[in-house]
Amino acid sequence: MKKTLFLALLTLREIASQRIYQILAAILMFVPWLMLIPASLFMLDIGKVIIDLLFLCLHCWLLVYIFFIATPLLARDIEQSTCHIFLTLPMSRAQYFLARFAGITSGFLPLLLLFLISGSLAIAFASSAWQGYVGSNTDTSFIFGTLLILLPYIALTAVLFLITSSASGLPEITVFLFSVWILCWTIPPVLAALQNVEIQQSTSNIVMVIIQATNQLLPDLSSSEISLAMAHNHTIETVQVIGYCIHHLAYALLAMLIAILLFRRRDLS
Amino acid sequence: MTLRWTVIVPVAGILLALVVWGRSVSDIQLYAAHQEAPVWSDKQQLFYRAWAGALPGLAADLAVLNVFNIYAESQKTVPSSRNTWWNHLHYQLRVGQIMDPYFRDIYRLTEGLLAYEANKMQESVEILSKSEPFLNSSDPLLVASFIAHQELHNDELAFDLANRASQKPDAQPFTVGYASSLLKKSNGCRAAVQFLAGRMQTMPEKYQQGIRNRIKRLQANDECND
């Protein structure tokens, strides 16, 4: 346990010392304020537009973190055999993977905190500047929505470990992770649209089966319904929220479990 | 090879001038007037949903920004050649409505621009009436009813829409009164002017011209002056 905690903290320090991480943190302090400029162009639902734009920022920085900070960190361990330093402590491969996962996911937290503070202040300013056009619950919806949207990215981080467990290096990990992300981004909303009877009638059964089968294998990254509900200050039922959280956390743990099993059998020589 | 400032500065100046010139001649417009707007089909929403992914609300926001662009571009052409722009406008409003049916700006622009600027009354009624399951407001249905009565002369549809509007939680006595007046088919012209004047107050100044023109046309009607 001590070793796992040590490596998790070391991972966090490694991440925090990177220039891109520091730049990202600095950007997150003022970008939510910039979002007020395009939001001011709208007429009635300005609060909704602000949340849409803040969620766009959220997706962007989460992707930057995973693709440009977490992925190279793990890929370096494999490509430059840095992982051997930890594995000869001695530390088991399972402990090594779990510690890296804990370190990388905890790296989200400082950025998340900055984003939430800056976003909330920007919303508070917008509420006073455009009274009546920004709902009183916009702040709460933003914070709640942000926390919910983070969960699929924790699942994506676990998928990163799953890919890394058998990938040869950075290009391979990036290509596969990007493909998974694209599929996760596009398929769930398409499936939701396919529930429409008129569209179902004009779509062939084979296409429907392929899309649904692919969707079962991937985490539901879209969170599109949550984005819409939060932007319009709609309430989501507690059961739905619990189901959503369990779905993503269970998916992350399952992916990590498979990743550890694959990594234990991997030839690292 | 050593780089000297006497070489770097003129070369950088020439390159900068080329960048400025290139930008000034490549007047890229978002929409080309000659380009026909694609015809909307329900299957197209699959494409929009796929690219919007987790952010359908943002896709609706972009559609609204496109509507602003289209309107601005249309104002640069003569009124007789604006039909292509109006097709684009209708398309973007459909995209916005499909991607975020709760977004009130879509219905406001449908009323203000698609109906009274583009004169696409049937299409406006179609979009406005789709608000029913998503909004608690009676406004879009009431406007759809008004357009159906006043412009499409379809009182059956107008009454149906007004009746649905009057069942909304925020329905004002005016809505109920309007629905009943439709039944009686009385107070048509004056009520229309009153209604439009009320709607115009809720639109931003620069988008009021279409409604203002419509009021003028109605006021020129003998029935309104009786």
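I looked up helix H2 (residues 19–34) and helix H7 (residues 108–129) of chain A: their axes come within 8 Å and cross at roughly 20 degrees. Helices here are DSSP runs (H or I, at least four residues), numbered from the N terminus. Axes are lines fitted to C-alpha atoms over the stretch in contact, with angles from 0 to 180 degrees between N-to-C directions. H2(A) is therefore roughly parallel to H7(A) (angles under 35 degrees count as such). I noted the residues in contact (C-beta atoms, placed from the backbone, within 7 Å): A:Leu24, A:Ala25, A:Leu28, A:Met29, A:Pro32 and A:Trp33 of H2(A) meet residues of H7(A) including A:Leu114 and A:Phe115. By class, this contact has eleven nonpolar, two polar and no charged residues. Ala, Val, Leu, Ile, Met, Phe, Trp, Tyr, Cys and Pro count as nonpolar, Asp, Glu, Lys and Arg as charged, and the others, Gly among them, as polar.

This is a predicted model: local features need pLDDT of at least 70, side-chain atom pairs count only at pLDDT 80 or more, and totals for chains, interfaces and linings use all residues. Residues are numbered from 1 along each chain as its sequence is written, while chains are lettered from A and ligands numbered from 1 in the order written.

Next I checked where the chains meet: 24 residues of chain B touch 28 residues of chain A. H3(B) gives the largest share of chain B's side, seven residues. That side has 13 nonpolar, three polar and eight charged residues.

Last, I noted that H3(B) spans residues 56–74 and has 19 residues.

Notes. Helix = DSSP H or I, 4+ residues; strand = E, 2+ residues; numbered from the N terminus. Expected span 1.5 Å × (residues − 1). Contact = placed C-beta atoms within 7 Å. Parallel < 35°, antiparallel > 145°, perpendicular 65-115°, else oblique.
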